[in-house]
Amino acid sequence: MAEQTQPKKYSKPLPHLDEENRPWWEALQRHELYIQKCGKCGDVRYYPRALCTNCMSSDTQWIKCSGRGKVYTFTTTYQNQAPGFRESLPYIMAYVELDEGVKMLTNIIDCAPEQAKIGMPVEVVYEDVTPAVTLAKFRPAR
C-alpha cells in the first residue's frame, strides 16, 4: 500500500490581513499582482495603504501589474536559525523594481546565490502557502 504524504505545514510567520491590504491578498490568491494608484495625483505605491503617500488622498485604484521587473538590490542569507527560515538556507532577499515603477521586498527563487545580479530581469511566481495566503516571489525571467 502506498504511503500518503501530508502537505508540508508552512512554518514562517504569516501576514495579518485587514481591510487596508485585503484586496492585495485576494489578488495574490487568484495569482494576480496588483498595486495601488492614487486617483487624484496618479502616484503608484506598494505596499497597500489607505492614503496616498504623495498627496494623502483616499481615492485609491488597484492596477494589475505585468509581474515583470528587475532586481534593484539583494542580499543572500546563509545563516538564520529561526524556525521556518533555517530550512530555506541559503535564500535571497531582494527589492524588485516592478516595470510599473514601485519596489517590492521579496524573495528570489530558482536562482543560485552566485547567479543573482543587480539589474537582473525577474518575473513573479506565486506560492500558495495556506488556503488564505499566497505569496509573490520572483525568479529570473525566462
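Is Cys 52 buried or exposed? Cys 52 is buried, and its relative accessible area is 0%. The model described here is predicted. Its largest nonpolar core has 24 residues, and a search of the whole structure finds three aromatic pairs. The number of disulfides is zero.

**Cysteines**

- The structure holds zero disulfides.
- For Cys 52, the closest cysteine sulfur is that of Cys 41, at 3.7 Å, which is too far for a bond, because a disulfide requires sulfur atoms within 2.5 Å.
- Cys 111 is also buried, with a relative accessible area of 14%.

**Helix α1**

- Helix α1 spans residues 22–29, and its buried residues are Trp 24, Trp 25, Ala 27 and Leu 28.
- These residues lie on the same side of α1, because the arc they cover around the axis is only 160°.
- The cover over the buried residues of α1 includes strands β1 (34–38), β3 (60–64), β6 (103–108), β7 (121–128) and β8 (134–140).
- After α1 comes His 31, which has a positive phi, near 60°.

**The largest nonpolar core**

- Within this core of 24 residues, the members that touch the most others are Leu 33, Leu 98, Met 104, Ile 108, Val 122 and Phe 138.
- At least two core residues come from each of α1, β5 (91–98), β6, β7 and β8.
- Strand β5 gives the largest share, four residues.
- Apart from neighbours within four places in sequence, Met 104 has contacts with Trp 24, Leu 33, Tyr 46, Ala 94, Tyr 95, Val 96, Leu 98, Ala 136 and Phe 138.

**Aromatic rings**

- Three aromatic pairs are found in the whole structure.
- One of them is the tilted pair of Trp 24 and Tyr 46, with 5.0 Å from centre to centre and 50° between the planes.
- This pair links distant parts of the chain: Trp 24 belongs to helix α1, Tyr 46 belongs to the loop between β2 (44–45) and β3, and the two are 22 residues apart.
- Trp 24 is buried at 6% relative accessible area, whereas Tyr 46 is partly exposed at 23%.
- The pair of Phe 85 and Tyr 91 is tilted because the planes stand at 45°, with the ring centres 6.2 Å apart.
- In that pair, Phe 85 is partly exposed at 25% relative accessibility, and Tyr 91 is buried with a relative accessible area of 13%.
- Trp 24, Trp 25 and Tyr 46 belong to one aromatic cluster.

**Charges over rings**

- Arg 49 has its charged end over the ring of Tyr 47, at 4.1 Å from the ring centre.
- The face of Tyr 72 has Lys 103 over it, and the distance to the ring centre is 4.5 Å.

**Cis peptide bonds and positive phi values**

- Most peptide bonds are trans, and most residues other than glycine have a negative phi.
- The bond between Tyr 46 and Tyr 47 is cis, with omega about 25°, and Tyr 47 is placed in the loop between β2 and β3.
- Another cis peptide bond runs from Leu 89 to Pro 90, where omega is near -15°; Pro 90 is in the loop between β4 and β5.
- Met 56, in the loop between β2 and β3, has a positive phi near 70° and is exposed, with a relative accessible area of 56%.
- Asp 110, in the loop between β6 and β7, has a positive phi near 55° and is exposed at 58% relative accessibility.

**Two strand residues**

- Thr 77 is part of strand β4, residues 68–77, and is buried with a relative accessible area of 17%.
- Beyond its neighbours within four places in sequence, Thr 77 is in contact with Leu 89, Pro 90 and Tyr 91.
- Arg 139 is part of strand β8.
- Setting aside neighbours within four places in sequence, the contacts of Arg 139 are Ile 109, Asp 110, Pro 121, Val 122, Glu 123 and Val 125.
- Between Arg 139 and Arg 45 there are 94 residues of sequence separation and 22 Å in space, taken from C-alpha to C-alpha.

Conventions: Residues are numbered from 1 along each chain as its sequence is written. This is a predicted model: local features need pLDDT of at least 70, side-chain atom pairs count only at pLDDT 80 or more; totals for chains, interfaces and linings use all residues. Side-chain values use heavy atoms; hydrogens and water are left out. Buried means under 20% relative accessible area, exposed over 50%, partly exposed in between (1.4 Å probe, protein chains only). The arc is that of the directions from the helix axis to the C-beta atoms. Contact means heavy atoms within 4.5 Å. A nonpolar core is a set of buried Ala, Val, Leu, Ile, Met, Phe, Trp, Tyr and Cys residues joined through side-chain atoms within 4.5 Å. Rings of Phe, Tyr and Trp (its six-membered ring) pair if their centres lie within 6.5 Å; planes under 30 degrees apart count as stacked, over 60 as edge-to-face and the rest as tilted. A charge sits over a ring if NZ of Lys or CZ of Arg is within 6 Å of the ring centre and within 35 degrees of the ring normal.
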